[in-house]
Amino acid sequence: MLDETTLEQRLAKLEQAVSELQNKVDSKPSANNWVDNLIGSISDEEAFLEALEYGRNFRKTGKFEIEEDNSVSEQNTPGDILD
């Protein structure tokens, strides 16, 4: 078991670390919109927009649409029941 002095020293170190972390968080400017935090983090905007469209299609239809040559066509998802 640790003695009281050791515990107090460890607690003081933890309090200092928490204080430093709080200062880092408080000093960062906060963006009003979460999207503002992502701007510039995507290097291929065209591919990102295409991925968003695939996601929208999938949510709407429950099917994804990708062919080997990257053209669009309807594919069954693993959960589809086939006739």
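These legends describe views of a predicted model. Residues are numbered from 1 along each chain as its sequence is written, and side-chain values use heavy atoms, with hydrogens and water left out. Local features need pLDDT of at least 70, and side-chain atom pairs count only at pLDDT 80 or more, while totals for chains, interfaces and linings use all residues.

View 1. The elements run α-α-α from the N terminus on. Helices (H or I, at least four residues) and strands (E, at least two) are DSSP runs, numbered from the N terminus. Of the 83 residues, 5% count as buried. Buried means under 20% relative accessible area, exposed means over 50%, and partly exposed lies in between (1.4 Å probe, protein chains only). The protein exposes about 7900 Å². Carbon and sulfur atoms supply 53% of that area. Accessible areas come from the Shrake-Rupley method with a 1.4 Å probe; for residues, only the protein chains shown count as cover. Take contacts between residues at least 6 apart in sequence: 0% of them join residues at least 24 apart. Contact means heavy atoms within 4.5 Å.

**View 2. I42, F48, L49 and L52 form a nonpolar surface patch.** Together they have about 320 Å² of accessible area. Patches are made of residues with over 30% relative accessible area and no salt bridge; nonpolar side chains (Val, Leu, Ile, Met, Phe, Trp, Tyr) are joined within 5 Å, like charges within 9 Å. F48 lies in helix 3, residues 45–61. F48 counts as partly exposed because its relative accessibility is 35%.

**View 3. D44, E45, E46 and E50 gather in a negative patch on the surface.** Asp and Glu count as negative, Lys and Arg as positive; His and the chain ends are not counted. The place of a charge is taken as NZ of Lys, CZ of Arg, CG of Asp or CD of Glu. E45 lies in helix 3. E45 is exposed, at 55% relative accessible area.

**View 4. R56 and E53 meet in a salt bridge.** A salt bridge is a side-chain nitrogen of Lys or Arg within 4 Å of a carboxyl oxygen of Asp or Glu. Here the N to O distance is 3.3 Å. A search of the whole structure finds one salt bridge. R56 and E53 are three residues apart in helix 3, so about one helical turn separates them. R56 is partly exposed at 44%, and E53 is partly exposed at 40%.
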